[in-house]
Amino acid sequence: MRHTKVKDLLNSTTTLHEVNAKGWVRTFRNNQFIALNDGSTINNIQCVVDFENTPDETLRRVTTGAAVSVTGTLVESKGAGQKFEIQVTKLEILGDSDAEKFPMQPKKHSLEFLRENAHLRVRTNAFGAIMRVRSVLSFAVHSYFQEKGFVYVNTPIITGSDAEGAGEMFKVTALPFDGTPRTEDGKVNYKEDFFGKETNLTVSGQLEGETFAMALGQIYTFGPTFRAENSNTSRHLAEFWMIEPEVAFNDLNDNMDLAEDFIQYVIKYALDKCSEDLKFLEGRLLEEEKSKPQAERSEMALLDKLNFVLENNFKRVSYTEAIDILRDSTPNKKKKFNYIINEWGADLQSEHERYLVEKHFKCPVILFDYPANIKAFYMRLNDNTEPGRETVRAMDILFPGIGEIVGGSQREERFDVLVEKMKALGIDEEELWWYLDTRRFGSAVHSGFGLGFERLVLFVTGMTNIRDVIPFPRTPMNAEF
Ligand code: 4AD
Ligand code: MG
């Protein structure tokens, strides 16, 4: 007999038929009640064992974490808390789990402990829910862009370019460490390396994505990206997933409209498809926040917060306006910020972004038109800016509790302006000859952005550490599993 998923059993429309379920024991009470979970839903199915007619030897092996197969009759449950249960006629232990040694005990574990057991934490309610929501969100991403006729592009993971110009890259090489081939002036001779040139793991698929947008019109990427930035924060990973749409003929306003519409769509999608998991995560967050001082608790429950984002437009604010607000803000005047905002041109730190979103506007914010010298080389220089106050058509979307969730821009489409900018920043034109070709042949206004997928999952699940929304996090000094 083929087993039925617990989710389907719990949604059954008929009873009194024989069913088989397979899963992992969460708890076993009174030698009689197994709470069985198979990962298809946050809910367990209760399996009632006829302990008088089951050998003691078998009962003893029903321990938390054990894999079992139960066959029996699906009946309406007399107990509170569940609609159906299985009256077990045949109980089989598929895989034992030593109750003394199994790390996922039926009790509350710290998130730190669970991180160290990332291969087993997915067997808990919270991580099962987070990983199902993550899966649904990634499908929502494809669904949104596919419905709109975007072409999905797989940009390379190994590349020779540093798209962000920030130099935070993991090298890819097949050269030996001992006896590394050197050039006459003592540098590593990458001509002898696997690709015959210096290569790294991609920090962004944008530059390659742009070349595709200039042929296919609207494209998106969704893949892993790698940054060797040594930021040990709750929002940074060394390996994260990024979604990067790029659209020909879109200007910055179109870009903001797209980003806002896209984020609202995927959140709505998760609300529709993951209501039980999100309700569970809402409860988890409430529980967690009970131990925090009032000032640090969220003002809204998780589902209210998600609905709020759907129902309210994101506030669009220029960098210059934001600087004025920050300069006049109480934490700035009282020197509460770690970085005091004195003048126009300052780079915004996450403390400033969070002040704007959480204290000042109290809604998602899109900041745009940043100073040119704090942003990447490829961003469109604004016309008519004051000398010394040049700005670029950049936009960052800031979310409550998260900070920056999206970074994007209108791209510099003018060949001469782009080349001049690259020269000023010492970016090798030869290396990016193919990127410059998009400006040589049929250049046009175009825009795009990158959304950090884990930051989106953080927001939707109400988790607070990015290490808890990716299966196996990679962070400085940590690449276990
Ligand atoms: O702002 P970033 O660096 O922008 C780009 O990479 C552009 N090429 C995107 C584009 O225009 N196509 O990164 C985009 C987003 C950030 O807003 C953030 O959400 C996420 O990627 N991100 C990270 N997420 C987790 N860990 C990190 N270390 C991240 N760095 C960026
Ligand atoms: Mg950014």
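Colleague: Which element gives the largest share of the shell around ligand 1?
Modeller: In this predicted model, β15 gives the largest share of that shell, with five residues; helices here are DSSP runs of H or I with at least four residues, strands are runs of E with at least two, and both are numbered from the N terminus.

Colleague: Before I go on, what are the ground rules for numbering and confidence?
Modeller: Residues are numbered from 1 along each chain as its sequence is written, and chains are lettered from A and ligands numbered from 1 in the order in which they are written. Because the model is predicted, local features need pLDDT of at least 70 and side-chain atom pairs count only at pLDDT 80 or more, while totals for chains, interfaces and linings use all residues, and side-chain values use heavy atoms, with hydrogens and water left out.

Colleague: Fine. Which residues come nearest to ligand 1?
Modeller: There are 24 residues around ligand 1, and Glu164, Gln206, Arg227, Glu244 and Glu404 come nearest; a residue counts as near if one of its heavy atoms lies within 4 Å of the molecule.

Colleague: And how do the shell residues divide by type?
Modeller: They divide into eight nonpolar, eight polar and eight charged, where Ala, Val, Leu, Ile, Met, Phe, Trp, Tyr, Cys and Pro count as nonpolar, Asp, Glu, Lys and Arg as charged, and the others, Gly among them, as polar.

Colleague: How much of the accessible area of ligand 1 does the protein cover?
Modeller: The protein covers 94% of the 630 Å² that ligand 1 has on its own, with areas from the Shrake-Rupley method and a 1.4 Å probe.

Colleague: Which pocket is the ligand's space, then?
Modeller: The space taken by ligand 1 is the largest pocket. A pocket here is an open set of points on a 1 Å grid over the protein atoms alone, with protein on both sides within 12 Å along at least five of seven lines, and a molecule sits in one if more than half of its atoms lie within 2 Å of its grid points. The elements that give two or more residues to the shell are β11 (239-248), β15 (403-410) and β16 (446-452).

Colleague: Changing topic, what is the phi of Phe249?
Modeller: Phe249 has a positive phi of about 75° although it is not a glycine, and it lies in the loop between β11 and α7 (252-273). Most residues other than glycine have a negative phi.

Colleague: Is Phe249 buried or exposed?
Modeller: Phe249 is exposed, at a relative accessible area of 65%; buried means under 20%, exposed over 50%, and partly exposed in between, with a 1.4 Å probe and protein chains only.

Colleague: And what about Lys362?
Modeller: Lys362 has a positive phi too, near 55°, sits in the loop between α12 (350-361) and β13 (365-371), and counts as partly exposed at 44% relative accessibility.

Colleague: How many helices and strands does the protein chain have?
Modeller: The chain comes to 15 helices and 16 strands, its C-alpha atoms fill a box of roughly 85 × 60 × 45 Å along the principal axes, and buried residues make up 51% of its 481 residues.

Colleague: Last one: how far apart in space are Gly160 and Glu431?
Modeller: Their C-alpha atoms are 8.0 Å apart, although 271 residues separate them in sequence; Gly160 lies in the loop between β7 (158-159) and β8 and is partly exposed at 26%. Glu288, in helix α8 (residues 275-289), is buried at 18%, and its C-alpha is 10.0 Å from that of Met463, 175 residues away in sequence.

Terms used
1 Å grid on protein atoms, 1.4 Å probe; cavity = no way out; pocket = protein on both sides within 12 Å on 5 of 7 lines; lining within 4 Å.
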